[in-house]
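Here are my notes on the model you passed along. Have it open while you read.

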Amino acid sequence: MPPRPSRAASVYRLLLRCYPASFRARFERDLTELFDDLHGAAPRPRLFFWLRILLGTVRHGLAERIAARGQPRPFASRPGDSVMTTLATDLRLAFRTIRSQPAFAATVIATMALGIGVTSAMFTVVNAVLLRPLPYERPEQVVMLFERDPRGATAQVSLPAYEDWRARLATFSSLATFGSQTANLTGVGEPDRLRAAFVSADFFKVLGVSPLLGRAFAPGEDQPGARGVTVLPYGVWTRRFGSDPAILGRTITLNNAPFEVIGILPRSFEFPFDEIEAYLPAAASPEYATLTGRATRPGLPASARERRSLFVFGRIVDGVSVDAASAELRRVSEQFAAESPGTSTGWSAEIAPFHSVAVRLVRTPLQVLMGAVTLVLLIACANVANLTLARGTARARDMAVRAALGAGRRRLAAQLLTESLVLALAGGTLGLLLGAALTEGLLALAPPLPRGATIGPDPLVLAFTAVVSIVTGLLFGVVPALRGSRVPIRESLQEGSRSTDARRGRLRQALVVAELALSLVLLVGAGLLARSLTQMVRTDLGFTAEGVLTLEYRLPRNKYAEAPQQWDVHRRILERVANVPGIERAALASAIPFSGNGNRVPVWRAEDPEPDKGAATVVMAVSVTDDYFAAMEIPVLAGRTCSQGDAVNSPLAVMVNRQLADRMWPGQSAIGRRLRATGVPGEGVVVGLVGDTIHAGYRAGLGPQLYACFAQSPQVFATMVARTTGEPMASARAVQQAVWTIDPDQPMWKIRSLASMVASGADRERLLATLMTAAALLALVLAALGVYGVVSYSVTRRAREVSVRMALGASRWSILGMVLRETAAVVALGLSLGVLGSLASSRVIAGQLHEVKPDDAGTIIVTGVVLAVAALVAAALPAARAASADPVASLRLE
Amino acid sequence: MASTRHAVERLLPLRPVVFQVLLSLLDAEMHGYALVQDIARRTAAGIELEPGNLYRHLKFMLDAGLIEESERRPVAGRDDERRRYYRITTLGRSAASEEARRLEGVLADARARLARSQGTR
């Protein structure tokens with residue numbers, strides 16, 4: 001049996017409080033041990049296990065209590081009664097009352113299940129992504145180290161900087177590098193692509209993770225020339241190798257080189273950056289030669305300092321604070337910069353906890369959504385409190401009878417509160433199930449979240465839901481309980497008494513005002529996010545995304561070592577694809593828009609001296625083949641694109657976009673001008689001017705861009721763009737087959753339409769807007785139900801007044817108008833408070849908005865009108881019913 | 001002997017869980033988890049016991065004298081020696097066999113009735 005965290009057992013021990021003390025004294029230890037065994041054996045996710053335990057414990061615990069006490073007398077608690085016996089009595093009474101009013105109970109339970117369900121679902125996600133610590137040894141000591149450019153932006157780390165840090169930093173017990181790239185797997189089934197991580201030897205030491213089987217990397221195994229070894233995650237071992245116990249020592253072929261499996265990671269291991277399928281030594285990376293500046297160590301050339309592409313992880317020494325480690329890193333990196341002038345001038349470094357880096361993009365959206373569902377829950381509580389208050393009036397007689405028979409005020413309040421709690425817990429149990437279903441739906445809908453694989457219910461989610469249920473039970477139960485227990489016996493026992501009605505009516509109106517205000521806050525938030533999303537997807541991209549098929553491939557370097565060879569293969573592939581039926585034009589690029597790829601390079605006019613770091617214009621630099629602009633439908637504004645003449649040995653031809661041209665040569669023609677770029681020998685001649693495009697996603701927007709010719713700077717990695725005559729994906733198979741006629745072993749991936757890539761560029765915004773809209777609509781419906789409830793209750797109570805008015809000649813319309821006028825006052829107050837609330841809370845979502853101001857008046861007005869109309873319609877239904885009643889019949893009934 | 005018979009008759013019919021626990025303990029002394037697993041296996045997942053449910057029945061069986069706690073501990077190292085083991089008493093054995101006989105009667109009666117009802121159709 002694997003040792004389970006005692007968290008589950010301590011939750012269970014709390015649950016065991018349901019049993020009488022004598023039973024616990026005798027069996028608690030045995031029960032806990034049995035629970036531990038069953039918990040360990042229960043299949044994940046353990047939702048049903050926990051439900052069974054929860055329901056079973058409550059049921060048997062109460063049964064045991066009742067059996068232990070015999071039948072206690074209802075109503076009065078005797079001096080000798082323990083709290084638990086009184087509670088058991090209250091519970092039995094509560095169940096009896098609830099059973100006698102099934103419609104009321106069902107409404108309350110359903111409302112609470114909705115509120116608690118959405119809250120529980122959101123908390124399940126927040127818990128797994130933001131709260132649960134990473135499964136490493138003392139995870140708070142694991143940090144990431146970044147270089148920081150002179151303008152304060154963080155960057156990845158160069159190999160020389162990393163080696164310097166490793167030699168000098170004393171506040172870190174270990175440092176390791178990480179880089180990830182796809183690797184071609186052959187020899188196990190069909191040729192496939194694996195997501196591989198290239199890490200230095202100390203990587204698992206930094207994380208504090210030991211393999212389940214075998215060992216981690218040994219010192220020296222990450223150096224060039226060392227024997228190929230690999231450590232595999234648990235999932236890969238089970239899925240691809242059928243949990244083969246003899247896996248250790250087996251050799252797999254990655255990128256045409258052999259790697260011996262030396263370790264299998266434990267099942268609990270989690271790396272939140274990427275779904276990594278194999279861990280390989282750093283030196284096995286195809287990019288390793290680039291990192292070292294194509295020189296073998298020792299003695300890295302100065303250019304290696306410019307290649308900042310490593311992710312660096314570190315473990316801080318025990319007892320050293322993050323601040324102290326950060327201060328030392330800054331000192332060491334500034335010293336390093338001083339010792340290597342030019343390439344590192346002005347650069348510094350900083351650290352950030354690994355967990356916060358891993359979740360930084362989703363933290364605020366998740367917090368906003370958690371806030372939103374909390375508001376929905378509050379609205380649900382207000383609704384239920386309203387219902388309970390209404391019922392309290394109806395039950396006043398019942399309470400008065402019990403008070404007359406000797407029940408004290410406290411006993412009556414406890415009784416009413418117990419009913420609320422039972423209803424809330426029932427709602428909570430349903431909510432837990434609903435929450436689990438909603439979580440599944442959310443995961444199916446959502447773009448991949450960091451740590452998404454670990455999202456699921458756990459004891460904390462269960463405890464959270466239980467606490468939320470109890471708190472909401474108190475929240476919607478406490479005011480009605482206090483009101484309900486204050487019984488003026490004589491008045492209540494008299495027929496038709498209405499003395500407490502006025503007070504209750506005001507309280508209920510106040511609850512509706514609160515519901516409307518909270519709903520408006522949610523509606524405005526959803527409206528703003530939806531508008532922001534609309535603005536975003538309407539942005540002019542500068543290219544036509546529809547009708548383009550894209551895919552990526554990487555030529556194996558050990559098959560095509562030299563640049564001319566590589567270009568020759570690319571060229572032949574392109575020729576073949578261009579001839580596929582249904583393909584209009586095909587081109588290659590080192591990076592395409594919305595792919596996440598692309599190089600940022602500082603450039604300057606060739607006639608100027610190289611500017612200081614930070615002062616240069618940084619462009620998005622991409623190499624493309626001649627047909628790229630035609631295939632993407634990017635306008636060529638002047639000059640030409642790449643041509644056959646632009647070869648490896650001819651002058652570098654470059655194209656610039658309008659933004660770069662305007663910045664470099666404002667008011668002049670750019671054609672024929674010369675540019676230089678960091679890390680590129682020689683200068684480029686501008687041969688063409690092209691339109692601006694959005695490259696790095698909607699938020700990054702337009703920026704200066706530089707295009708070089710693929711033939712002049714060939715590389716192994718390429719993205720193909722092919723404009724098709726029909727549906728892009730319909731040509732995918734034919735394009736792949738065309739590539740395979742050149743090399744049947746060449747894997748391709750990310751085969752998708754450009755339109756889908758652009759659409760997923762707004763995934764996060766779309767998800768946030770969708771969920772927020774769902775929460776807001778739920779709030780709208782609940783608030784409308786609240787208005788409906790209050791109005792229909794009030795017109796029922798006032799049936800006599802309405803009848804008298806109508807008998808005296810008031811028209812139906814005037815009755816309707818009277819009710820609506822009264823409702824309008826409540827709605828106006830709720831909306832005003834809601835507008836104030838939205839303005840106060842708009843700051844929270846300001847960071848999530850794209851070209852929409854958080855106090856956008858249009859959005860506030862439109863959502864306010866929607867809410868007002870919904871509220872008035874909800875009020876008009878019962879009002880119309882009252883107005884159409886036969887006044888004579890109503891009066892006769894009295 | 002007569003008093004045992006009287007005691008057994010007072011306990012019949014046995015609750016299904018009680019009967020199953022007795023059957024499990026006929027061959028071996030067991031702790032709680034072993035009982036849960038054994039019963040789940042024998043009754044082909046028909047009875048899945050929640051911990052509280054099992055121990056409420058064990059409490060009843062201990063109080064009724066159908067089972068008792070075992071003094072013996074398993075071989076060191078083979079299992080957790082802190083666990084409590086239960087064994088069946090003489091009364092428990094008689095109760096189990098009486099219940100089995102009773103169930104046989106029930107079954108025979110049911111079969112006969114079913115056969116008759118098929119015949120008359």
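1. Ground rules. This is a predicted model, so to speak of local features pLDDT must be at least 70, side-chain atom pairs count only at pLDDT 80 or more, and totals for chains, interfaces and linings use all residues. Residues are numbered from 1 along each chain as its sequence is written, while chains are lettered from A and ligands numbered from 1 in the order in which they are written.

2. The main core. The largest nonpolar core has 150 residues. A nonpolar core here is a set of buried Ala, Val, Leu, Ile, Met, Phe, Trp, Tyr and Cys residues joined through C-beta atoms within 7 Å. Buried means 20 or more other C-beta atoms within 10 Å of the residue's own, exposed means 12 or fewer, and partly exposed is in between, with C-beta atoms placed from the backbone. The residues with the most contacts inside this core are Val376(A), Ile379(A), Leu516(A), Leu522(A), Met772(A), Ala775(A) and Ala779(A). Helix 12 of chain A (residues 360–404) gives the most to the core, namely 20 residues. Helices (H or I, at least four residues) and strands (E, at least two) are DSSP runs, numbered from the N terminus.

3. What does Val376(A) touch, not counting residues up to four places away in sequence? Its partners are Gly115(A), Val118(A), Ala775(A), Leu778(A) and Ala779(A); contact means C-beta atoms, placed from the backbone, within 7 Å.

4. Helix 22 against helix 25. In chain A, helix 22 (residues 763–797) and helix 25 (residues 857–883) pack at about 30°, with axes 8 Å apart. Axes are lines fitted to C-alpha atoms, for helices over the stretch in contact, and angles run from 0 to 180 degrees between N-to-C directions. That angle makes helix 22 of chain A roughly parallel to helix 25 of chain A, on a scale where under 35 degrees is roughly parallel, over 145 roughly antiparallel, 65 to 115 roughly perpendicular and the rest oblique. The crossing of these two helices is right-handed, a label used when the near helix is turned clockwise from the far one by less than a right angle, with anticlockwise being left-handed. Among the residues making the contact are Leu780(A) and Val787(A) of helix 22 of chain A and Leu867(A) and Pro878(A) of helix 25 of chain A. By class, the contact has 16 nonpolar, 1 polar and no charged residues. Ala, Val, Leu, Ile, Met, Phe, Trp, Tyr, Cys and Pro count as nonpolar, Asp, Glu, Lys and Arg as charged, and the others, Gly among them, as polar.

5. Helix 5 against helix 13. The axes of helix 5 (residues 102–131) and helix 13 (residues 409–445) of chain A come within 6 Å and cross at roughly 45°, and these helices are therefore oblique to each other. This crossing is right-handed. Its contact has 17 nonpolar, 8 polar and no charged residues.

6. Chain B has 5 helices and 2 strands, in the order α-α-α-α-β-β-α. Of its 121 residues, 28% count as buried. How many residues of chain A are in contact with chain B? There are 18, facing 12 residues of chain B. Helix 2 (21–41) and helix 3 (47–69) of chain A each supply at least two residues of that side, with the largest share, 10 residues, coming from helix 2 of chain A. By class, the side of chain A that touches chain B has 8 nonpolar, 4 polar and 6 charged residues.

7. Backbone spots to look at. Most residues other than glycine have a negative phi, and most peptide bonds are trans. Glu633(A) has a positive phi of about 60°; Glu633(A) lies in the loop between helix 18 (628–632) and strand 17 (636–639) of chain A. Lys750(A), in strand 23 (residues 748–753) of chain A, has phi near 45°. In chain B, the peptide bond from Leu12(B) to Pro13(B) is cis, with omega near -10°, and Pro13(B) sits in the loop between helix 1 (2–11) and helix 2 (16–25) of chain B.

Note on methods:
Two residues are in contact if their C-beta atoms, placed from the backbone, lie within 7 Å.
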